[in-house]
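Subject: Structure for your review

Dear colleague,

Please find below the structure that I would like to hand over to you.

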Amino acid sequence: MRMETPSVCIIGAGSSGIVAAKTLHEYGIRFDCFEKGSAIGGNWRYNNDNGMSSAYRSLHINTNRDIMAYSDYPMPREYPMFPHHSQIIRYFDSYVDRFGIRPFIQFKTTVERVWPADGGYWVQTESGGVQQKRLYQHVIVANGHHWHPRYPTPPFPGTFTGETLHSHDYKTPDQIVGRKVLIVGIGNSAVDIACEAARQYSEPVTISTRSGAYILPNWLMGRPFDSLANPLTSRLPLGLQRLLLRASLLLARGRQSAYGVPVPNRPLLSEHPTISQDLLNLCGRGLVRFKPDIRAFAGHEVTFTDGSRDSFDMVIYATGYQVSFPFFDSDFISAGDTNNLQLYHRVIHPDHPGLYFLGLIQPLGAIMPLAELQAQWIARLLTGRCTLPDRAEMLRSIQKQADRNSQRYKPSARHTLQVDFYPYKRLLERAMQTR
């Protein structure tokens, strides 16, 4: 094993890893960036050879191009407002080349293990059968959180003898052609797959959902829906935000229950929204239907909690992802079954100085601009331009954030990473001024 001592290790060259590399380069901070695949882009690179992308062939972003873009590099104006994944990858490739950071990324290099050392962290990598061990003062974890499939726990009773698939492995409609499909879950991937299947096949697609979800459109009154949120509206009381959103949705499309889509018993903005311009219309035409939670499997037959039964050829689990760090020993750092990793401002582990997590958030909005701010905060910390509070204060802040989330969101692994875009942006901006 060859030993070297660069200052910072960045794990991953997805949308968060590349902005970390660009930011550290601008600040003059030495780093190595390791990417398991042969190209940048992470989850947004369709059929990424790192094996971790959940992108399917028809995938478009559900946050608009202007909100998703990095602050100093807007997306091309000729892009549609909600670009295809192939356009997003071209944007990322252009970003990397524009700021000259591609030479700093070591491709086809797997980070196998990271563990503490005196004064930093050991990082063991493998590339082409060659292992290397390096000592770093700091490690930035940017390996993404939409790649390790999560299944219902505990599993549903009984055995389903048809085909099963997780949405992570769904790529093209020919995987489900000619099959009667049950989709478990009502998040963005579940609804995208259901709509794609419903448009192509005469057999209705069934979605099983435990509690329903609020379906929000991509467009509202001729504007991208997510552009309606802004720094001003984000400061309004939550109750008033809910009232304005409810009124806008009623005027634009009426009640979603009129289309046959179940409504949660929780208020708006108390869960991560499901974005779809098509679902309500397809439900109204009978091409997508809903069932409650699954009670049990018996061969191809599925019994639901309302006592109804139906037979299916395939079950697709669109049940989210497990936050996972395969390079950490489980007794060192683990998010557990709840995806609940306690981090100061969603970035810094109070018990492990020099260890940072980038993009490990689920915002009501786009991740990329927030990951960019996180990277700038880290760079300012590394160069001494701002400071951290002591451990006790970080723990108090973490608990305060957890209490706020528990009051607003239902207990769920889906919501442990939840942040509001503009309030979280202001939080990071304030942190960067702390001395």
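Helix 1 passes helix 3 in a left-handed crossing. Please keep in mind that this is a predicted model. The axes of helix 1 (residues 15–26) and helix 3 (residues 85–98) come within 10 Å and cross at roughly 15°. Angles under 35 degrees count as roughly parallel, and helix 1 and helix 3 are therefore described as roughly parallel to each other. Where the two helices meet, S15, I18, V19 and K22 are the residues on the helix 1 side, while helix 3 contributes F92, Y95 and V96.

Leaving out residues up to four places away in sequence, I18 touches A13, I40, Y70, F92, Y95, V96, I101 and I105. The largest nonpolar core has 93 residues, and I18 is among those that touch the most other members, together with I10, M68, F92, I183 and W377. Helix 7 (residues 368–382) gives the most to this core, namely nine residues. There is also a second, separate core of 23 residues, including I11, F34, V139 and F357. As general background, nonpolar side chains tend to be buried together in soluble globular proteins.

Apart from neighbours within four places in sequence, F31 is in contact with V8, I10, A21, L24, H25 and F104. F31 and H138 are 107 residues apart in sequence, and their C-alpha atoms are 9.2 Å apart in space.

Five strands form an open sheet with parallel pairing, in the order 8-19-9-10-15. Strand 8 (163–166) and strand 15 (288–291) stand at the edges with a single partner strand each, so one side of each has no neighbour in the sheet. On average, neighbouring strands of this sheet are turned by 25° against each other, direction ignored. Strand 10 (residues 205–208) runs parallel to strand 15 and is joined to it by four bridges. Within this pair, I207 stands opposite F290 in strand 15. Helix 4 (residues 188–200) lies across strand 9 (181–184), strand 10, strand 15 and strand 19 (314–317). The angle between helix 4 and strand 10 is about 165°.

Yours sincerely,
A colleague

Note on methods
Residues are numbered from 1 along each chain as its sequence is written. This is a predicted model: local features need pLDDT of at least 70, side-chain atom pairs count only at pLDDT 80 or more; totals for chains, interfaces and linings use all residues. Side-chain values use heavy atoms; hydrogens and water are left out. Two strands pair if DSSP finds at least two bridges between them. Axes are lines fitted to C-alpha atoms, for helices over the stretch in contact, and angles run from 0 to 180 degrees between N-to-C directions. Contact means heavy atoms within 4.5 Å. A nonpolar core is a set of buried Ala, Val, Leu, Ile, Met, Phe, Trp, Tyr and Cys residues joined through side-chain atoms within 4.5 Å. Buried means under 20% relative accessible area, exposed over 50%, partly exposed in between (1.4 Å probe, protein chains only). Angles under 35 degrees count as roughly parallel, over 145 as roughly antiparallel, 65 to 115 as roughly perpendicular and the rest as oblique. A crossing is left-handed if the near helix is turned anticlockwise from the far one by less than a right angle, and right-handed if clockwise.
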